[in-house]
Amino acid sequence: MRLLLVEDEIDIQSFLRSSLEEAGYQVEAASDGKAAERLAVDGQFDILIVDLGLPDQDGITLILRLRQLGVRAPVLILSARRSVDDRVRGLEQGGDDYLTKPFALAELLARLRNLLKRNSPAGTEATRLRVLDLELDLLRREASRAGQVLQLTPQEFVLLEYLCRNAGRVVTRSMILDQVWGMRIQPDTNVVDVHIYRLRGKVDGKGQQPLIRTLRGVGYVLKDR
Amino acid sequence: MSSKTAKPVLRSAAWRISLWATLAFACGTMLVFVGLHRFVADDIQRRSDAWLSGEVEVLGDVAERTPKDALYGRVVSEVAELAGKEVPNKLLSETSSNDSVFFLQTGEHGELKLWVGAGNGVPDLKAIQATKIVPDHPTDVHVEGFGVPFRVASLRVDDGSYIYLGLSERDELRVLRSLRLRFILLWLLLVLLGFGIVFFTTRRMLSHVREISEAASRIGHSDLGARVPTTDRNDEVGHLALTLNRMLDRIESTIHQLHTITDALAHDLRSPLTAIRGQLEMSLSAAMDGEQAEPIVSAIEELDRLTDFLNKSLDVAEAKADALRLNRSDVDLDELLRVMIDLYEPSMTEKGLMVTLRSGGPLRISADAALVHRMIANLFDNELKHLPLSCRVNILLEARDGAAVLILEDNGPGFDPDVMLHLFERRVKGRDSNGHGLGLAFIDAVVRAHGGTVMACNRDGGGARITVMLPAASTQAMGLN
């Protein structure tokens with residue numbers, strides 16, 4: 001996957017570059033709009049990360065310009081601004097995504113994956129998910145571990161489904177809140193942790209290998225190995 | 001139309017102004033007329049008195065000079081009758097005989113000697129004798145059988161007899177009555193016309209003021225870029241509109257400045273925060289699990305709290321200045337509360353808290369979904385953090401007068417009385433609170449930005465109650481009513 005990173009802050013650019021490369025992306029970086037334009041037109045990129053506050057021009061202006069020049073790759077917009085510009089909203093509706101600084105790396109990676117998935121031709125949606133000995137029947141909304149059916153509430157099933165779809169990858173609390181409950185909030189309390197704790201009690205029975213792992217300060221991961 | 005708009009018209013300033021102006025005008029003109037009427041009446045009286053005095057003198061002269069023979073009576077009567085035909089202010093009499101003038105001469109002992117006029121003169125003589133009449137000074141005499149009094153002048157003739165000349169005031173009164181009638185009609189017409197003119201001009205003028213105030217209230221609630229309508233007229237109303245617009249220019253530039261500052265502040269703090277967070281995460285993935293990771297983990301957690309604090313502080317600051325930018329959409333509070341309870345229920349159960357929702361079904365409001373989500377999450381966080389074990393939280397949602405009312409009640413310890421008065425201010429928190437004291441200030445900020453109100457109190461039976469009132473439609477639409 002070829003990725004163009006347009007970010008003027010050197011610190012952010014460098015840590016993003018290394019974490020993205022670690023995640024398997026081929027990263028080209030640009031520090032201003034002009035360089036980004038040149039790179040984007042020449043190289044074939046699968047996805048772009050564009051910071052809104054560039055030294056020479058506005059990020060949105062750059063994105064609109066790139067679209068005019070025929071760059072079709074989806075864009076993940078990074079912004080340190082407080083309010084979401086109407087034009088950003090327009091781009092969001094056009095298939096691009098938006099992330100406010102500061103962000104968790106896991107969230108950035110998840111959003112990039114979503115953008116790429118959205119852009120690729122839709123495959124047939126699986127009706128069953130399988131992670132190790134955990135199996136989810138998406139039609140009957142039923143989960144079982146090692147052949148044993150788990151007694152899950154509908155909400156717990158949605159949560160487990162989200163973890164399974166991201167098996168092996170870290171999901172943050174705000175990602176869970178956004179994807180499972182449809183809310184972009186930052187609770188002061190450990191509401192998500194309690195949900196996970198309950199789910200873990202049902203999924204990881206006694207004597208079984210624990211599947212749901214907590215990564216403190218980062219989020220959760222459903223082990224797939 | 002009639003019954004609904006009649007009341008506002010009667011209560012409008014235009015109506016009151018026209019009413020008072022008309023009243024003053026009517027009283028003034030009435031006073032002027034009363035003076036004029038008096039002047040005219042006096043003048044008419046003076047004229048008839050002058051005539052009476054002149055005539056009675058002539059008659060006295062005639063009576064004196066005419067020899068007292070058989071012809072005396074005829075001569076004097078003739079002269080008197082002639083005089084009666086030259087009456088001033090005379091109108092055509094209804095009867096053939098002249099009943100508006102009489103001439104009467106009494107003998108030395110007061111007996112009726114000579115009579116010229118309608119009737120036999122007996123009631124006239126009686127009336128004259130009943131009234132004290134000063135010679136050379138015409139006096140009103142009420143004669144029996146006549147509706148209007150006579151003006152009577154008298155003169156003593158040298159032979160000891162008295163002559164009296166009477167003139168009915170009927171014609172005089174008729175002139176005055178017709179004057180009054182004409183005036184009243186004209187006066188009524190003028191007053192009505194005046195009222196109409198004053199009412200419509202003030203109404204037109206005040207309708208401009210109303211347009212301005214309506215526009216201003218719309219601007220206050222939504223679009224600061226809009227301006228009140230201005231007119232080309234160089235009067236007070238025109239000035240008012242211009243002044244308001246200049247004031248709005250200043251407010252808009254101040255708010256714009258505030259946005260610029262908060263945006264710059266957010267940007268300048270977020271960029272380094274992003275870099276720090278990224279580096280912390282990278283070192284976390286490199287670090288082994290266990291002791292090495294622990295400080296990094298807590299640093300990330302602190303950093304996230306700092307970010308949340310930054311966001312909330314800036315939101316509260318903007319909301320306090322009525323400058324929070326809203327991105328309105330349809331929000332179903334009932335559905336939102338159910339999802340929120342679903343999210344918080346495990347944590348609440350963990351603490352032994354019971355939460356119940358009473359709701360009248362879907363309740364849609366026009367609001368900024370992200371802000372309302374955070375506001376309600378804050379309310380729940382608040383309960384979760386401050387309630388001791390095994391308390392109850394009752395949530396009530398209902399529509400009341402075009403507003404959504406959300407009430408959160410608990411049977412916990414209630415609010416700390418020390419902070420009760422400053423509950424919604426920044427950095428105010430109870431003694432045992434470990435938050436940064438922004439929760440309720442943030443709730444207040446969001447609710448106010450949506451044109452609603454939030455109240456907090458301690459319940460009589462113990463526990464706290466928070467009442468949030470949010471207008472169902474956006475205030476922009478409400479302002480038009």
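Start by selecting helix H7 (residues 173–181) of chain A: 7 of its 9 residues are buried, so the helix is largely enclosed by the rest of the structure. Here a residue is buried if 20 or more other C-beta atoms lie within 10 Å of its own, exposed if 12 or fewer, and partly exposed in between, with C-beta atoms placed from the backbone. Helices (H or I, at least four residues) and strands (E, at least two) are DSSP runs, numbered from the N terminus.

This is a predicted model, in which local features need pLDDT of at least 70, side-chain atom pairs count only at pLDDT 80 or more, and totals for chains, interfaces and linings use all residues. Residues are numbered from 1 along each chain as its sequence is written, while chains are lettered from A and ligands numbered from 1 in the order in which they are written.

Stay on H7(A) and colour its buried residues: Arg173(A), Ser174(A), Met175(A), Ile176(A), Leu177(A), Val180(A) and Trp181(A). Next, show what covers them, which includes helix H5 (105–119), helix H6 (154–165) and strand E12 (219–222) of chain A, and also helix H8 (333–350) of chain B. Just after H7(A), pick Gly182(A), which takes a positive phi of about 70°.

Move to strand E3 (residues 47–51) of chain A. With 4 of its 5 residues buried, E3(A) is largely enclosed by the rest of the structure. Strand E1 (residues 2–6) of chain A pairs with E3(A) in the parallel sense over 4 bridges; two strands pair if DSSP finds at least two bridges between them. Select Val6(A) to find Val50(A) of E3(A) opposite. Strand E4 (residues 75–79) of chain A also runs parallel to E3(A), joined by 4 bridges, and there Leu76(A) stands opposite Ile49(A).

Now show both chains. In total, 33 residues of chain A are in contact with 38 residues of chain B, contact being C-beta atoms, placed from the backbone, within 7 Å. On the side of chain A that touches chain B, helix H1 (10–22) and H8 of chain A each supply at least two residues. H1(A) gives the largest share, 6 residues.

Finish with the overall scores: ipTM is 0.84 and pTM 0.65.

Note on methods
Two residues are in contact if their C-beta atoms, placed from the backbone, lie within 7 Å.
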